[in-house]
Amino acid sequence: MKITQHSSAGTLTLILDGELDASSSVLLDTELAKPETLQFQKVLINCKQLNYISSAGLGVFISHLQQFQDAGVKLVFFNMQDKVYNVFEILGLDTLMTIVPSEEEATAV
Amino acid sequence: MPFRQKLKAITFPLTVLSWLLLLLSTLSNTNGRAAEWLGGPWPEWVTLTAQAAFAAGAFIYQRGRPDPLHGNDFVGLLRRLLLGPGMLATACVGLHLLERLVQVKFPTDDQTFFACVYTVNLALFVVFLAYTNYSWRSLVLFRASPRVQRQWVWFEVLLGFTLLFRLLDWVPPHPFDYLIVGGLGIFGVYLSGNQQWVAYLNRRQKWEAVLLQIAIMLALAVFVAYFLRIRNDLKLVAPAPQHAFLLLNAFFGTFYAFMGLMVTIFNLPTAGVFEQKREEILSMQRLTQLIQKGQNEEEVYAMLFDSAVQTMDADAAWLTLEDNEGATTVQHYRVSQGQADEVQRLLQEYKLNHTEYLNNDLASTDGFRELHLPYNSLIVMPLRSAKRRYGALYMLKEHRFGFDRENLSILQTFASQTVLSIENLQLVHISLENQRVQEELKIASAVQDSLIPKDLPIDSWFDISSYAASAREVGGDFYDFLHLPGRQLAILIGDVSGKGVTAAFHVAQMKGIFHALMQENHLARSEREKFPVPSRFMTQANTALSRCLERSAFVTASLYIIDYENAGFVFARAGHCHTLYYHSIKEEVSYFQTAGLGLGIIRNDSYEKHIKNQFYDYNPGDVMVIYTDGIVEARNADQEEYGEQRLLDMLEQTFSLEADEIKEQILNDLAQFSAGQPMHDDQTLLVVKFKSSQPDTLN
């Protein structure tokens, strides 16, 4: 798992590359738990290279969901592969989280 | 070797016989009555032959006896040598004095008694020489090379030849006789150089050896003095004995003892060094043995301290151990806590407290001079491994230059040995702890196993088959059944996020929630409301779980309530895998596509909006496949997932079979797919087949 990030004008973009499993989800959790993350208006997650997400990986997003909402930070996923989207959908997360097809739409949210 | 054994067996009697012959032949040459009675004088060659035979017999007999050296007990060998042959010497002196006394009291010209005493003493001398020289042989050949062993055999053979000198009435012409005897003497001197055994004695044993060797030389001197004294006695009737043989043997016996004495004396000053080395090796051995005995840490430290103090011969020492709070002194030797603290403080100031440090001249080091310690040499050896520091050993000596580089390397060995023992002990503790955890996991596994329903509901309406496997000792999957009144059956299946013990706790919790919520509500107004519908159940379960699940954990579940009186079922899917279904009417396999959010994701009342009930009227022959994600997410060697489509295909092929067989076919396919791959997640699979026979409704 590789996490790269860049930020611009109130938007933080995280690019996830690889498999988000129990061990790599710790890395992601550290990124999202940083206090400065909540300073952004929008956190975009680029899932183009995300091949797999385990329940631990989902747990990281779930645990930060409430916090983001409270702080008024929008969490948007984009470029998600079908099989990963399927996992979000089965769990019912597609109704709670904003998942859009492309980066343009994500920026527009 | 029968010949040798035979020879050995007859040596002793032959020796005794030859001595008797010697006695008689000597007596026959006296002027006493015995001579007349014996019809003497007998010819001289009889006496000489008897003498030679006796000497040869005594030496051969002694040669065949067991090695007098037992292991490395050199002092024991010398002591026995002094006790046995020493007694012979005493007997010799005693007999001589007795003979003198008799001569003074009853002066006589009769030579009989004198001849007897002489013959006995000659025998004693020969035995003494044989015993002594064969004891020396043990010492010469101790750890000797084969070359030295061969040399010794030559020495024996050549000495044996000198027995023949007088016997054959032939003496080598002058000066060859001197040359031969002198040459053999030099050979003996050369062999006397083999004194390796002295190195194996410690200081005390060396002193003992010196005294014993002096005593043995005295005993030899007694015999030599006796024979020199009576050589010119008028009463001596016997011909001169085999001088060359006895002389050479006496010379060798004395010279070897003398060389041994010298070597021992010159080795005395170095004995201390050898003993110190010995002590070091022994200390090292003791430390090593402690590891294997698995003693506790205190004992290992105490052992290190004692060994180090003893080996270094330190005048004062202390040992500190470090933990998270700092260093504490655990062992003292002739040093006060105050002095120890001051030295440590000083070393800390110099930032030397964690390194090896050797100072042989404390008086010329400013900081130490101000402490006014009565010591001049200091050595500090930290105890540390690659991972952490354990403590440090401090040793002091009064005189300057008390420690050298070698001391430092010995201490290093001690320190690393100690750290090794300590880490070994810790490893043993950890592995014991692991074993205990393993045992507890086994118990947990057994407990969880007991939570899984063993008896599947049996009815003529349907057919159920189940399969469950955990990836670890305890798992996060669960399923349960509950018969409800009014011909209803509740089936719960679910999966707790995460694996292992935490997940297992939540599984037990879910089972509790299931049984608690599925209680009959007696206040319900209608029959339908007596038991919560699946969506209501999920909402209540969500509330219950919200209070105890950690923030990143969630649970997926599906609850099915089958009403087989009305041939229908209702279910709610809380984020769990879709239900696979074979519709017999449409002859079609599909997944129920319903929405529903997992439990513990939203932790407030709004959850209600995210869960829905789905009603369906089933037909006989319908098949329902319920599973957890461990089934569809199982991977093959190419890291591809088994997937929903493949599962659907399997049901299309097998829907006509019994529930058990459908399950087996799916599992076989799954096993083939993921052959050789480790199991990543828990797997649960339930197959429910609705039956056509409905005997109850027919009545």
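**Reading a helix pair and an interface**

Modeller: In this predicted model, let us begin with the residues that meet: Leu647(B), Met650(B) and Thr654(B) of H18(B) are in contact with Glu661(B), Ile662(B), Gln665(B), Ile666(B) and Asp669(B) of H19(B). By class, the residues of this contact comprise four nonpolar, two polar and two charged.

Biologist: At roughly what angle do the axes of helix H18 and helix H19 of chain B cross?

Modeller: Two packed helices are described by the angle between their axes and by the distance between those axes. Here the axes of H18 (residues 643-654) and H19 (residues 659-673) of chain B cross at roughly 140° and come within 10 Å. Because angles over 145 degrees are the ones that count as roughly antiparallel, H18(B) and H19(B) are therefore described as oblique to each other. The crossing of H18(B) past H19(B) is right-handed.

Biologist: How many residues of chain A are in contact with chain B, and which helix of chain A gives the most to that side?

Modeller: The size of an interface is often given as the accessible area lost when the parts come together. On the chain A side, helix H2 (55-71) and helix H3 (82-91) each supply at least two residues, and H2(A) gives the most, with six. That side of chain A has six nonpolar and five polar residues, and no charged ones.

Biologist: And what is the secondary structure of chain B?

Modeller: Chain B has 20 helices and 15 strands, and 37% of its 699 residues are buried.

How values were computed: Residues are numbered from 1 along each chain as its sequence is written. Chains are lettered from A and ligands numbered from 1 in the order in which they are written. This is a predicted model: local features need pLDDT of at least 70, side-chain atom pairs count only at pLDDT 80 or more; totals for chains, interfaces and linings use all residues. Helices (H or I, at least four residues) and strands (E, at least two) are DSSP runs, numbered from the N terminus. A residue is buried if 20 or more other C-beta atoms lie within 10 Å of its own, exposed if 12 or fewer, and partly exposed in between; C-beta atoms are placed from the backbone. Ala, Val, Leu, Ile, Met, Phe, Trp, Tyr, Cys and Pro count as nonpolar, Asp, Glu, Lys and Arg as charged, and the others, Gly among them, as polar. Axes are lines fitted to C-alpha atoms, for helices over the stretch in contact, and angles run from 0 to 180 degrees between N-to-C directions. Angles under 35 degrees count as roughly parallel, over 145 as roughly antiparallel, 65 to 115 as roughly perpendicular and the rest as oblique. A crossing is left-handed if the near helix is turned anticlockwise from the far one by less than a right angle, and right-handed if clockwise. Two residues are in contact if their C-beta atoms, placed from the backbone, lie within 7 Å.
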